[in-house]
Amino acid sequence: MSRRRPWVVGVSGASGTPYAASVLRALLHAGEAVDLVVSRSSRLTLLDETGIGFRDARWREDLRRWLARGADGTPDAFDVPVDAADVRHWAAGDLAAGPSSGSYAVKGMLIVPASTACVAGVALGLSKDLLQRAASVTLKERRPLVVSVRETPLNGQTLRHLVTLDEAGAVVLPASPAFYAGATHIQDLVDFVAGRVLDAAGVPHKLYRRWEGELGGDRGPDEAP
C-alpha cells in the first residue's frame, strides 16, 4: 500500500474563494490527496462571498457545499465527492498538526488565494498560524510552494515580500485571469487562474484551453476580428 503524500492547500483571508474551490476540485479529479488549512480570516471571506460557513466540527459537509458551488453562485453546479481518504482538514490554530513538521510527507503547498498579510507572514517566517507554519516548512524542505497573491494595487512593502518569496524558491502567481483562452463565463476566468496554479505545481488538469500559437484559434467562425 502506497504512502499518502498530499498537497497542502492553504486558503487565506483574501477575496477569491472560488479560486480555491477550483484548485481543490481539480486536485481531487486528478486523484491527488489534499491536506486543507482554512485560515480564520478566510472563513469570514468564504461566508461573505458564498454564504457558506466553514466549521471545524462539520467541515466535510461545508466543504462539499463549497466545492459544489459555481463561481457565479449557482448551487450544486459541480458534483465533487469528498472522500475521507482524499481530504484531511487541519484547524488553522493547530500548530502540532502534520504539515507543521518537515518530517510529514507532502508533495508541496498551494496558497490560494494569498492575502498580503499571509504573504508578509510567510516571507518574514512568522508562523503565526498553521498556514504560515506549513508554508515555512515547505520552503525549508525545498518543496514546491505556489503563492497565488490576490490584491491590487501592490505597495512596495508587499512587492519586497514577494521578491523574498521568489528568492526563497516559491512561485509567485498573481490571481490574474487571461482572456486568450476564449472565456465566456466567470467560471472560465476562475478556472484559468486555478489551472495556472496547478501548472506551477505540475498537476495535470483540463481547466482551460492552452495557447497553441494561432491568433483567434479559440474563436468560432463568427467571432473572428
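A residue is taken as buried when its relative accessible area is under 20%. In this predicted model, Glu32 has a relative accessibility of 13% and therefore counts as buried. Its salt-bridge partner is Lys107, with N and O 2.8 Å apart. Lys107, by contrast, is partly exposed, its relative accessible area being 29%. The two residues come from distant parts of the chain, 75 residues apart: Glu32 sits in the loop between α1 and β2, and Lys107 in the loop between β3 and β4 (108-114).

The protein has seven helices and six strands, arranged along the sequence as β-α-β-α-α-β-β-α-α-β-α-β-α. Its radius of gyration is 17 Å, close to the 17 Å that the globule rule gives for 225 residues, so the protein is as compact as a globular protein of that length. Along the principal axes, the C-alpha atoms fill a box of roughly 60 × 40 × 40 Å. Of the 225 residues, 49% are buried. Among contacts with a separation of 6 or more, 72% join residues 24 or more positions apart.

An α-helix has 3.6 residues a turn, so residues three or four places apart point the same way. Just after the helix, Gly51 adopts a positive phi of about 80°.

Returning to charged pairs, the count of salt bridges comes to nine. Arg55, Arg58, Glu61 and Asp62 are linked in a salt-bridge network. Within it, the closest N and O atoms of Arg58 and Glu61 are 2.7 Å apart; Arg58 is partly exposed at 41% relative accessibility, as is Glu61 at 35%. Another salt bridge joins Arg210 to Asp199, at 2.8 Å between the closest N and O atoms. Since Arg210 lies in the segment after α7 and Asp199 in helix α7, this pair ties together parts eleven residues apart in sequence.

The segment after α7 (186-201) also holds Leu215, which is exposed at 78% relative accessibility. Together with Tyr180 and Trp211, Leu215 makes a nonpolar surface patch of about 400 Å².

Notes. Residues are numbered from 1 along each chain as its sequence is written. This is a predicted model: local features need pLDDT of at least 70, side-chain atom pairs count only at pLDDT 80 or more; totals for chains, interfaces and linings use all residues. Side-chain values use heavy atoms; hydrogens and water are left out. Patches are made of residues with over 30% relative accessible area and no salt bridge: like charges are joined within 9 Å, nonpolar side chains (Val, Leu, Ile, Met, Phe, Trp, Tyr) within 5 Å. Accessible areas come from the Shrake-Rupley method with a 1.4 Å probe; for residues, only the protein chains shown count as cover. A salt bridge is a side-chain nitrogen of Lys or Arg within 4 Å of a carboxyl oxygen of Asp or Glu. Helices (H or I, at least four residues) and strands (E, at least two) are DSSP runs, numbered from the N terminus. Buried means under 20% relative accessible area, exposed over 50%, partly exposed in between (1.4 Å probe, protein chains only). The radius of gyration is taken over C-alpha atoms; the globule rule is 2.2 Å times the number of residues to the power 0.38. Contact means heavy atoms within 4.5 Å.
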